[in-house]
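Hi,

Here is the structure I promised to pass on to you.

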Amino acid sequence: MEEYLQPIFSEVVGTVAPEFSGAIQFETPQNPDHGDLSTNIAMLLAKELKKAPRILANEIVEKLRKDSEVIEGVEIAGPGFINIRFSRKYFQDALGAILSLGNAYGHSRKYEGMMTNLEWVSANPTGNLHAGHGRQVCLGAAIANLLEWTGYKVIREYYFNNAGNQMRNLARSTQVRYLQELGQEISLPEEGYHGAEIIGIAKELVLKFGDSLQNAEQSDFQKFAEEANFLRIKNTLTRLGIHHDIYFNENTLYESGAIEKIIAELKEKDLAYEKDGAVWLKLSEMGQEQDRVIVKSTGEPTYRLPDICYHKDKLSRGYDLVIDIFGADHIATIPDVLAALKALGFDSGKVKVVIHQMVTFLSGTEVIKFSKRSGSNYLLDELIDDVGADATKFFFNMRAVGSHLEFDVELAKEQSEKNPVYYVQYAHARIASILRFAQQQEINIQMLTKADLTVLVHPEEISLIKILHRFPSLILQTAEAFAPHHICEYLRQVAAQFHKFYHDCRMVGQPEPVQSARLALALATKQVLASGCSILGVTAPESM
């Protein structure tokens with residue numbers, strides 16, 4: 001609808017306000033009685049043109065060259081809003097387009113030919129993914145799918161943190177647990193990893209190697225533990241249908257000499273200096289509040305240095321867009337990394353960072369902090385076991401990334417309309433059941449795309465078509481905002497409107513052409529529900 005209105009309104013606005021060059025904004029009114037779309041363009045221009053908004057709105061409306069078969073009415077409301085109402089024929093034709101496009105409906109070519117790199121999850125290989133990781137895991141997968149729907153070629157990347165002090169702790173912890181399994185009385189370091197998975201790795205090493213590793217190097221234990229932990233991480237991601245195209249090892253930044261090269265480059269460009277035995281980044285000259293240490297006096301880099309080096313590597317690969325998904329605990333370092341990249345001559349505007357807030361898991365009113373099975377952290381695998389992969393993905397994407405998420409585990413288990421994912425899936429399954437029944441009545445489902453849609457005039461029919469018609473613009477807006485929670489809410493709206501339509505508009509058994517037209521509308525609804533679910537990685541069952 002916006003695409004149709006934009007040139008029509010732009011032509012008129014160009015005559016009444018030649019200096020105006022921006023896009024005219026349209027919104028969907030909360031009250032359907034106010035039309036299908038509304039614009040406040042007259043109110044925006046009134047002050048500049050020194051005219052009353054309603055008078056200006058009237059001028060714009062009178063000059064609009066509108067097709068009466070498409071636009072049913074244009075009204076001026078309140079202080080100067082212009083409300084537009086589209087015709088039944090417009091929506092009937094829109095349904096025909098949905099049916100003819102089939103599974104391609106909702107896809108956009110806006111970013112065709114462009115490539116983006118999306119890096120997410122990137123959990124340290126020091127243990128299993130805990131349930132809190134799930135938000136980023138499911139958020140990133142949905143964003144990747146959304147971007148592909150808009151035409152992007154998406155490269156999914158996992159930054160494998162296998163360097164630094166954390167890995168030394170992992171190696172020492174695994175070595176100590178191994179020696180303990182051999183009967184040696186040795187204590188785990190206070191800063192070591194105390195998780196049960198480390199004990200499990202030690203037991204596996206004893207089974208495989210016996211006592212032959214007593215004098216092995218810590219690097220050997222790091223390799224064993226790293227591989228075992230990463231395999232578990234990948235297995236958990238596989239349960240959610242998530243894969244990555246590239247696994248980037250942090251230690252390659254050191255082994256390739258990239259870290260040393262970027263330190264030298266920063267110094268050569270007078271962007272870094274040495275002080276008190278440490279290397280400092282001149283962030284105060286890059287628009288940031290203060291300089292920061294990037295190499296400690298011990299010679300060990302801080303997090304900022306490999307992050308700068310890694311992003312330099314990604315930008316050098318020629319992506320049109322580089323996306324990072326981080327938890328709120330990373331928010332402090334991001335501006336520094338972007339400032340350094342810009343100072344090094346890179347287009348930091350190509351880097352988009354999505355910050356998500358934390359998650360609280362609830363069982364009723366009780367906060368879940370620990371696993372009931374192990375007494376340790378509540379793991380993502382356990383959450384999947386408890387509520388299923390579909391509910392896991394849907395619930396993690398239900399709230400805006402900037403909002404704290406309360407994940408109600410008991411609600412996610414419910415098989416009722418209170419559970420949003422169940423409600424959406426049930427709508428899809430109900431339509432599938434109706435279409436199967438129609439086939440049993442010898443109705444040719446394949447011919448529904450040829451149905452006479454002009455008989456769809458019931459308010460609930462038109463309301464359902466209107467919602468389905470929003471899908472392509474919603475996909476594009478949601479992808480550009482990296483905000484898949486809009487898809488969750490949209491699917492709930494589609495399901496709710498379908499149930500209203502189902503209640504008021506009987507399908508099978510009605511005289512033709514009403515029967516076929518209504519079944520065609522059900523088929524289009526099923527298609528949109530399935531497409532929306534696929535973006536979230538959620539299944540659309542044929543029966544429940």
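Below is what turned up, topic by topic.

One thing before you start: this is a predicted model. Keep that in mind as you click around.

Let's begin with the cysteines. How many disulfides does the structure hold? The count is zero. A disulfide needs two cysteine sulfur atoms within 2.5 Å. Take Cys488: its closest cysteine sulfur belongs to Cys533 and sits 9.1 Å away, which is too far for a bond. Seen from the other end, the closest cysteine sulfur to Cys533 is the one in Cys488, again at 9.1 Å. Are these two buried or exposed? Cys488 is buried, with a relative accessible area of 1%, and Cys533 is buried as well, at 2%.

Next, salt bridges. The total comes to 25, and I picked out a few for you to find.

Start with Glu480 and Lys110, whose closest N and O atoms are 2.7 Å apart. Where do the two partners sit? Glu480 belongs to helix H18 (residues 471-480), while Lys110 is in the loop between helix H4 (88-101) and strand E4 (115-119), so this pair ties together parts that are 370 residues apart in sequence. Glu480 is partly exposed at 36% relative accessibility, and Lys110 is partly exposed too, at 48%.

Then go to Lys314 and Glu119, which form a salt bridge with their closest N and O atoms 3.5 Å apart. Lys314 lies in helix H11 (residues 304-316) and Glu119 in strand E4, so here the parts tied together are 195 residues apart in sequence. Both of these residues are buried.

One more pair: the side chains of Lys267 and Glu274 meet in a salt bridge at 2.6 Å, N to O. Lys267 is partly exposed, at 32% relative accessibility, whereas Glu274 is exposed, at 57%.

If pairing is new to you: strands of a sheet pair through backbone hydrogen bonds, and they can do so in a parallel or an antiparallel way. In this sheet, strand E12 (residues 359-363) pairs with E14 in the parallel sense, over four bridges. To see the two strands side by side, find Leu362, which stands opposite Asp408 in E14.

You'll find His330 in the loop between strand E10 (321-327) and helix H12 (334-343). It is partly exposed, with a relative accessible area of 34%. How far is His330 from Ser108? They are 222 residues apart in sequence, and in space 33 Å apart, C-alpha to C-alpha.

Happy browsing!

Key: Residues numbered from 1 in each chain as written. Predicted model: local features only at pLDDT ≥ 70, side-chain atom pairs only at ≥ 80, totals over all residues. Heavy atoms only, no water. Buried < 20%, exposed > 50% of the residue type's maximum accessible area, 1.4 Å probe, protein only. Pairing = 2+ DSSP bridges. Salt bridge = Lys/Arg side-chain N within 4 Å of Asp/Glu carboxyl O.
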